[in-house]
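This briefing is meant for a reader who is meeting the structure for the first time.

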Amino acid sequence: MLALLAGCQSGPARNASAADHEGAEPSASEASTSQATDHRDSEPARDAEPTRDAESELEDFASWLADFRREARAEGISEATLSSALDGLRYRERVIELDRSQPEFVRPIWQYLDSAVSAQRVSQGRDRLAEHRDTARRMEQRYGVPAEVVVAIWGIESNYGGNFGDFSTLEALATLAFEGRRSDFARGELLAALRIIEAGDIAADSMIGSWAGAMGHTQFIPSSFEAYAEDGDGDGRRDIWGSIPDVMASTANYLARAGWRAGQPWGMEVQLPEGFDYAQTELSTRRTAAEWADQGVRGVAGGALPAFEQSSVIAPAGARGPAFLVGPNYRAILRYNNATSYALAVGNLANQIAGRDGIQQGWPRDEQPLSRSQMRDMQRALNARGFDVGTPDGIMGPNTRSGLRDYQRDIGVIPDGFATVSLLERLQR
């Protein structure tokens with residue numbers, strides 16, 4: 001997933017879809033949902049007959065497309081490519097419906113991980129790695145990214161190619177450029193898609209993917225494809241739809257360019273000492289592994305910490321859930337899709353594909369997660385009590401966690417910044 005409707009990228013940047021990062025950059029894959037997901041919505045088999053208003057909208061779309069065609073021609077796109085890509089291009093109402101949808105309820109991280117790192121996905125990942133072992137190892141040697149990490153991204157992005165979407169990328173991006181929330185971004189991605197066709201990497205009618213414009217087995221948006229896709233099989237084309245060597249080379253190249261450090265793990269599950277200051281559990285807090293060890297942070301199985309020069313401790317479910325020490329390679333995964341749930345899923349799935357342990361500590365499964373409206377209520381209540389968290393937006397980010405920790409200190413509970421229904425109810429009394 002070179003992550004969701006993302007902004008234009010000059011370097012590796014991740015998913016704008018993550019709800020657990022305020023101000024996150026878009027990633028390689030599409031950034032169209034509020035949290036990382038392990039599926040792609042498919043287009044309906046056929047559209048309803050257009051209403052009178054719909055007919056007017058289609059006329060406006062046709063006019064917009066004619067203007068865009070002139071712009072693309074001026075950018076150097078050939079008439080042959082314009083004809084193959086834009087002749088008969090349709091407006092897709094379903095794309096706009098999906099773009100505008102904002103689910104009220106967000107799955108807690110443990111439910112996401114249960115699905116993304118299921119026993120079946122682990123087993124399939126081992127099978128796929130065995131099936132393509134020579135290719136995977138060759139790409140590992142070339143780019144320094146472990147084969148199991150590339151396979152894990154493949155599994156989470158498209159279920160190993162089982163579902164990378166069946167929307168026309170051109171129709172999806174044209175629809176979003178015409179009417180979407182980020183029309184300028186989508187217009188730029190549509191131009192990039194035309195350049196990919198012009199270069200001969202893929203035919204227009206074979207360029208398919210998700211509703212938000214992410215394409216192929218590991219869900220690259222077109223600008224990410226241009227920047228990071230690789231010809232892994234040496235046939236002169238970069239084919240992330242049909243060539244597994246190209247898929248693996250492109251995914252590994254993206255992570256390498258995002259700062260992956262060969263020979264280092266992405267992170268380690270850790271045990272935090274009693275009295276640990278949870279205000280430190282932010283990615284913005286970076287210390288050496290030795291400094292964390294001096295505070296009493298230990299591997300969950302008692303092992304030594306990885307020798308990170310720059311690392312962070314995260315506790316995505318607060319003091320009652322697992323904690324992790326994460327280094328530069330975790331941040332590289334975030335550049336692919338900027339969601340804590342996604343990065344932990346990739347790391348955990350990769351570990352298990354390679355035969356290592358999964359997450360050992362339990363999650364607080366009895367806790368009821370806050371809906372978006374409840375999160376806005378919590379933010380309003382924190383602001384009203386003098387704990388400034390900024391404009392209520394229903395998104396849990398570092399400002400909200402900081403304000404919530406201050407409130408937790410005031411009421412004498414562990415200030416872990418983990419939002420729960422019981423804390424909201426107490427705030428509203």
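In this predicted model, Thr 175 has its place in helix 8, which covers residues 169-179. Its relative accessibility is 0%, and because buried means under 20% relative accessible area, Thr 175 counts as buried. Leaving aside residues up to four places away in sequence, Thr 175 touches Phe 61, Arg 90, Tyr 91, Arg 92, Val 95, Ile 96 and Gly 180.

**The chain as a whole**

- The secondary structure of the chain comes to 17 helices and six strands.
- The chain has 429 residues, and buried residues make up 55% of them.
- When contacts between residues at least 6 apart in sequence are considered, 69% of them join residues that are at least 24 apart.

**Helix 9 and the residue after it**

- Helix 9 runs over residues 183-199, and at 1.5 Å a residue its 17 residues should span 24 Å, which agrees with the 24 Å between its end C-alpha atoms.
- The buried residues of helix 9 are Phe 185, Ala 186, Glu 189, Leu 190, Leu 191, Ala 192, Ala 193, Leu 194, Ile 196 and Ile 197.
- Gly 200 follows helix 9, and the phi of Gly 200 is positive, near 90°.

**Helix 5 against helix 7**

- Two packed helices are described by the angle between their axes and the distance between the axes.
- Helix 5 (residues 119-131) packs with helix 7 (residues 147-158) at an angle of about 125°, and the axes of the two are 10 Å apart.
- That angle makes helix 5 oblique to helix 7, and the crossing in which helix 5 passes helix 7 is right-handed.
- Helix 5 contributes Arg 121, Gly 125, Arg 128 and Leu 129 to the contact, while helix 7 contributes Ala 147, Val 151, Trp 154, Gly 155 and Ile 156.
- Sorted by class, the contact of helix 5 with helix 7 has five nonpolar residues, two polar residues and two charged residues.

**Helix 13 against helix 14**

- The axes of helix 13 (residues 328-336) and helix 14 (residues 340-353) come within 9 Å of each other, and they cross at roughly 120°.
- Helix 13 and helix 14 are therefore oblique to each other, and their crossing is right-handed.
- On the side of helix 13, Tyr 330, Ile 333, Leu 334 and Tyr 336 meet Thr 340, Tyr 342, Ala 343, Leu 344 and Val 346 of helix 14.
- The residues of this contact between helix 13 and helix 14 divide into eight nonpolar, one polar and no charged.

- Thr 251 is found in helix 11, and with a relative accessible area of 0% it is buried.
- Not counting residues up to four places away in sequence, Thr 251 touches Val 150, Ile 153, Thr 218, Phe 220 and Tyr 336.

**A buried loop residue, Ile 240**

- Ile 240 lies in the loop between helix 10, residues 222-228, and helix 11, residues 244-257.
- Although Ile 240 is placed in a loop, its relative accessibility is 0%, and Ile 240 counts as buried.
- If residues up to four places away in sequence are not counted, Ile 240 touches Met 215, Gly 216, His 217, Phe 220, Phe 225, Asp 246, Val 247 and Ser 250.
- Ile 240 and Met 207 are 33 residues apart in sequence, and in space they are 9.8 Å apart from C-alpha to C-alpha.

**Residues other than glycine with a positive phi**

- Tyr 160 is a residue other than glycine, yet its phi is positive, near 60°.
- The place of Tyr 160 is in the loop between helix 7 and strand 1, residues 167-168, and at 6% relative accessibility Tyr 160 counts as buried.
- Gln 219, which is not a glycine, has a positive phi of about 55°.
- Gln 219 lies in the loop between strand 2, residues 208-209, and helix 10, and Gln 219 is buried, with a relative accessible area of 0%.

Methods. Residues numbered from 1 in each chain as written. Predicted model: local features only at pLDDT ≥ 70, side-chain atom pairs only at ≥ 80, totals over all residues. Heavy atoms only, no water. Helix = DSSP H or I, 4+ residues; strand = E, 2+ residues; numbered from the N terminus. Expected span 1.5 Å × (residues − 1). Buried < 20%, exposed > 50% of the residue type's maximum accessible area, 1.4 Å probe, protein only. Contact = heavy atoms within 4.5 Å. Axes fitted to C-alpha atoms, helices over the stretch in contact; angles between N-to-C directions. Parallel < 35°, antiparallel > 145°, perpendicular 65-115°, else oblique. Left-handed = near helix turned anticlockwise from the far one by under 90°. Nonpolar A, V, L, I, M, F, W, Y, C, P; charged D, E, K, R; others polar.
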